[in-house]
Structures are given as structure tokens and as C-alpha cells.
Amino acid sequence: MSMQLTIGWLYPKLMSTYGDRGNVICLQRRCQWRDLDVSILALDQESSIASFQEFDLIVGGGAQDRQQEIVMRDLQGEKAQIIKEKLTSGIPGVFTCGSPQLLGKYYEPALGQKIEGLGILDLVTKHPGINVPRCIGNVAFDIVAPTLKADLEEMLGEVPTVVGFENHGGRTYLGDVSPLGKVVSGYGNNGEDGYEGAFYQNAIATYAHGPLLPKNPFLADWLIIKAIEHKYQEKITLNPLDDYLADNGRKAMLKRMLNQ
């Protein structure tokens, strides 16, 4: 039986800052290279309620404050409830840059009114002010979310350090939700507590941008595995791909950061 996956892409025209399209392309290509039938489904203002029911894996990217407000005005009611129910049921997702803020309780921008989130994750984001420097630069972190850490250990025999790039003015503070990682280099959620991102069920939330999955393809494979297992209710092992260049690029970037 040919396995088929539908990747839902949240508001691709409004929330694809800093190369967030790269995460979608990475997932698509890694499915295609394994002869998995994969399709990309745009989930935006024109999408019907029914289309929000169709994804097996969801990807969210970043946006400026204005675009984020537009998204939140549209992402209400049944659309928001469907996403919440699917993530709670174990549908995997990767949310980068601004989209984790949408999953939280609220975001307080430097200017303007508070933007209410979906309340899926127990976290809040606050911008400290227009005169406060942004958190910009390469970031590296070790996975600490227990489920993800155990799965990667089983998949790879180790848990690699994740590398990425962050550029955010807001500072995120976690409540009763697991952090994704512990910062090795960079700012992370707020530059204070040493944590980066959040993890809920099978959903990854992080400030690392669109190159997250191309730089760390083991995360892409984990998402694909979780999507297939959730949809077909059976354990699978993906055929290995040649990730020599990506792995060595990640290690070189990590070495550069640690030697600064």
C-alpha cells in the first residue's frame, strides 16, 4: 500500500518570513525521495473549514506583527478548534519564528494592542520595547523534551545538538509546557532562563527559522515518521538518506559557535 501524507502550510503568503518555506520543501523532498505520496495544502484565509481537517502534518512560519494580527483575526472559531484538537491528538507539527506565539496565550508587541493566541501552549510572549535590541544570530540547543529525546535516541543512537538561526524581538516565557531544548549558544526563548522553544505532544515550537529542518534533517524524519504512524496506526522505519553534507554543515556551524 502506498502511504500518502498531506502537509498543511499555515498562511504561506502571510507567515513565511526568513526562509520558512524551506521547512516545507525539506519535508516534501524527504518524502518524495522515499517514494511517499506527499501533497502540500495551503491553509489560509480562503481555505474552507473542511480543508483544515485534511492535514497529517502541519507547518507554521514567521510573520511581522501586522501580518500576525491578520492571521489571528482569521484563525478563530472552528479553524482554531480543529488545529487544537489535531495537535492534542498527536498530529505532528513544526512551528517556527512567530507561529509559536500564535499557539500560546498571547503576544504583547512593542507597539499596539495585545494579540490573543490560540491557548494551545502554556506560554506568553512579550516585546520589551522598540529600543531594546533584538535576539539575532545563530543558535544551538540540546533537545530536552523527554519524548522527542527518547525517540531520537532510538532512531539515531544519539541525540544531536540542533543548530539554527533566530531573529526575534519578543521574549517567550513558558508555563506548564515542556521546553524543546536547552541553549548551548544564542538567546533562545528570552535570553534569561536558558531554554529554547516548547514541545507539546508531537509538535515542535522554536524560534529557529525556515532552515531548521534542512540543517537538522533528523527532525524532519521524526516528523514524517510521527505523521505516518498517527495516520496509519503502525510503526515504521524510514529508509536512510545520504545526509553527509547536512550533517557536516551542522557540525561545522556548531564548532564555529562554540569557538567564538
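Colleague: Why is aspartate 56 counted as buried?
Modeller: Aspartate 56 has a relative accessibility of 9%, and buried means under 20% relative accessible area, whereas exposed means over 50% and partly exposed lies in between (1.4 Å probe, protein chains only), so aspartate 56 counts as buried. The model is predicted, with local features needing pLDDT of at least 70 and side-chain atom pairs counting only at pLDDT 80 or more, while totals for chains, interfaces and linings use all residues. Residues are numbered from 1 along each chain as its sequence is written, and side-chain values use heavy atoms, with hydrogens and water left out.

Colleague: What makes the contact of lysine 231 with aspartate 56 a salt bridge?
Modeller: A salt bridge needs a side-chain nitrogen of Lys or Arg within 4 Å of a carboxyl oxygen of Asp or Glu, and in this pair the closest N and O atoms are 3.3 Å apart, so the pair qualifies. The two partners are 175 residues apart, lysine 231 being in helix 7 and aspartate 56 in the loop between strand 2 (37-43) and strand 3; helices (H or I, at least four residues) and strands (E, at least two) are DSSP runs, numbered from the N terminus.

Colleague: Why are the buried residues of helix 8 said to line one face?
Modeller: The buried residues of helix 8 are Arg250, Met253, Leu254 and Met257. Seen down the helix axis they fall within an arc of 100°, so they line one face of helix 8, the arc being that of the directions from the helix axis to the C-beta atoms. The face turned away from the buried side carries the exposed residues Tyr244, Leu245, Lys251, Lys255 and Arg256. The buried residues pack against several elements, among them strand 8 (135-143), helix 6 (212-215) and helix 7 (217-232).

Colleague: What makes the 38 residues a nonpolar core, and which of them touch the most other members?
Modeller: A nonpolar core is a set of buried Ala, Val, Leu, Ile, Met, Phe, Trp, Tyr and Cys residues joined through side-chain atoms within 4.5 Å, and the largest such set has 38 residues, in which Leu27, Leu148, Ile204, Leu213, Leu219 and Ile228 touch the most other members. Helix 7 gives the largest share of this core, 10 residues. With contact defined as heavy atoms within 4.5 Å, leucine 219 touches Leu148, Leu152, Val162, Ile204, Leu212 and Leu213, leaving aside residues up to four places away in sequence. A second, separate core of 32 residues includes Leu43, Met72, Ile83 and Leu121.
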